[in-house]
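Good morning, and thank you for the time on today's agenda. I shall present one structure, beginning with a term that the discussion requires and then moving through the model region by region.

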Amino acid sequence: MENITVMVVEDEAVIGMDIRNTLQRLGYRVPPVISSGEKALEKTAEIQPNLILMDIILNRGQLDGIDTAKMIRDRFNLPVVFLTAHTDTHTLDRAKQTQPFGYIVKPFEERELQTTVEIALARYKAECEMQKALEKERELNELKTRFVSMVSHEFRTPLTTIMGSTELLQNYSHKWSDEKKNIHFNRISTSVQHMTQMLDDVLTLGKSESDCVRFQPKPLDIVSFCQALIEELQVNYDNKCTIDFRVKTNWKGEDFPILDDKLLRQILANLLSNAIKYSPEHCEIRFELEYRDRDLVFTIADNGIGIPESDRDRIFESFHRCQNVGTIQGTGLGLTIVKKSVDLHGGTLEFCSQEGEGTTFTITLPCS
Ligand code: ATP
Ligand code: MG
């Protein structure tokens with residue numbers, strides 16, 4: 001009980017002192033008694049007590065106990081127990097509306113006071129837990145809604161392509177050259193790959209959320225790793241942009257840096273593909289690798305559409321896409337995966353962006 005602070009608001013000094021002494025004897029921490037509603041609000045903001053015992057009728061100041069309790073609930077969401085004497089029904093009705101955590105009728109016994117305080121504290125704790133569970137439930141629901149809207153939006157295009165090409169092949173393939181047939185077979189397989197990639201992203205996220213992804217670092221030939229990744233992305237994006245890869249460091253150690261290749265791949269592939277996706281054709285992407293102290297710093301900079309200020313707080317949320325994406329396809333999962341992978345790797349992530357001018361992401365990973 002040592003750590004539980006109970007604040008007493010009572011304008012009759014003798015009664016206030018008595019309650020304070022009793023509570024202290026019972027082991028609670030009790031600041032000096034407060035005699036007006038205004039002071040009670042000030043003090044609550046300052047010390048954030050665990051519970052407030054509030055006299056319903058306060059004759060000092062403008063606020064009575066009920067007004068003060070209501071303001072405490074709205075501003076601080078802290079539990080209030082009312083102290084009452086012979087209170088009329090109207091006042092009691094008003095008091096009830098502030099949803100107090102209990103009433104104690106004066107004069108009262110020590111045991112009564114202790115029981116009421118303990119019950120109020122337990123009820124408040126249970127309510128907070130319930131609130132947290134509800135919040136989690138709400139978040140999950142929102143995630144589900146965003147997922148459903150992403151799937152219905154993003155799966156429609158590849159499915160339409162598959163359907164269209166299949167119908168054309170069914171009806172005309174006997175008249176077509178192999179080359180023409182191949183165009184449609186390729187369209188089908190690209191669409192399937194795209195859908196598989198989206199599903200993989202959702203699964204990766206699910207796994208990292210349930211802590212199934214583990215950090216498994218080992219020596220990695222980082223320069224070759226980056227070069228191979230760049231080549232792969234260039235093929236996937238049909239050489240849409242050039243990627244200027246610079247290694248600003250000579251790895252001085254005998255061994256390669258210690259990194260988790262799977263996590264690193266998630267990080268760099270997503271950031272580089274964003275840089276390509278959100279840039280106009282034939283743009284240059286700058287990709288730098290620098291060794292600083294015991295960290296590897298990766299910088300990926302583009303001159304693309306940029307991230308609008310109003311979206312900046314939300315880009316790491318699953319399925320969030322910025323308002324300026326237009327018809328550029330995406331699921332809004334890439335950066336969520338990047339963030340989780342950087343966290344698992346014990347690294348940090350920063351970005352700066354100017355709408356219409358470009359974006360730079362900087363990732364710092366400890367690597368030894
Ligand atoms: P995917 O899951 O396929 O990666 P996505 O690219 O839409 O889809 P994220 O990579 O998570 O999703 O990025 C979230 C949003 O942040 C994007 O939709 C885009 O609006 C914005 N964004 C990310 N990187 C950039 C960038 N380099 N330039 C401009 N906007 C960006
Ligand atoms: Mg992306």
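A residue is called exposed when its relative accessible area is over 50%, buried when that value is under 20%, and partly exposed in between. By that criterion Asn59 counts as exposed, because its relative accessible area is 65%. Please bear in mind that what is on the screen is a predicted model.

Asn59 sits in the loop that runs between strand 2 and helix 3, the latter covering 65–76. The protein is divided into three domains: domain 1 spans 6–132, domain 2 spans 155–209, and domain 3 spans 218–366. Taken over C-alpha atoms, the centres of domain 1 and domain 2 are separated by 66 Å.

I turn now to ligand 1. Its shell consists of 19 residues, and the closest are Tyr278, Arg321, Thr331, Leu333 and Leu335. Sorted by class, that shell holds eight nonpolar, eight polar and three charged residues. Helix 9, residues 261–277, and helix 10, residues 334–344, each contribute at least two residues to the shell.

Which atoms of Tyr278 and ligand 1 lie 2.8 Å from each other? They are a polar side-chain atom of Tyr278 and an oxygen atom of ligand 1. For Leu333, the backbone provides the polar atom, which is 2.8 Å from an oxygen atom of ligand 1. Leu335 likewise takes part through a backbone N or O atom, placed 2.7 Å from an oxygen atom of the ligand. Considered alone, ligand 1 exposes 590 Å², and the protein buries 96% of that area.

Why is the separation of Asp343 and Lys339 about one helical turn? The reason is that the two are four residues apart in helix 10. In general, an α-helix has 3.6 residues a turn, so residues three or four places apart point the same way. Both partners are partly exposed: Asp343 has a relative accessibility of 46%, and Lys339 has a relative accessible area of 31%. Just after helix 10, Gly346 adopts a positive phi of about 70°.

Finally, the salt bridges elsewhere. A search of the whole structure finds 19 of them. In one, the side chains of Lys106 and Asp55 meet at 3.3 Å, N to O. This pair joins distant parts of the chain, 51 residues apart: Lys106 belongs to the loop between strand 4 (103–105) and helix 5 (110–154), while Asp55 belongs to strand 2, residues 51–55. Are these two residues buried or exposed? Lys106 counts as buried because its relative accessibility is 13%, and Asp55 is buried as well, at 5%. Together with Glu10, they are linked in a network of salt bridges.

A further salt bridge joins the side chains of Glu290 and Arg292, at 3.3 Å from N to O. There Arg292 counts as partly exposed, with a relative accessibility of 43%.

That concludes the presentation, and I welcome your questions.

Notes. Residues are numbered from 1 along each chain as its sequence is written. Chains are lettered from A and ligands numbered from 1 in the order in which they are written. This is a predicted model: local features need pLDDT of at least 70, side-chain atom pairs count only at pLDDT 80 or more; totals for chains, interfaces and linings use all residues. Side-chain values use heavy atoms; hydrogens and water are left out. A residue is near a molecule or strand if one of its heavy atoms lies within 4 Å of it. A polar contact is a pair of N or O atoms within 3.5 Å; within protein, one must be able to donate a hydrogen and the other to accept it, and residues adjacent in sequence count only if both atoms are side-chain atoms. Accessible areas come from the Shrake-Rupley method with a 1.4 Å probe; for residues, only the protein chains shown count as cover. Ala, Val, Leu, Ile, Met, Phe, Trp, Tyr, Cys and Pro count as nonpolar, Asp, Glu, Lys and Arg as charged, and the others, Gly among them, as polar. Domain bounds come from an automatic or database domain assignment. A salt bridge is a side-chain nitrogen of Lys or Arg within 4 Å of a carboxyl oxygen of Asp or Glu. Buried means under 20% relative accessible area, exposed over 50%, partly exposed in between (1.4 Å probe, protein chains only).
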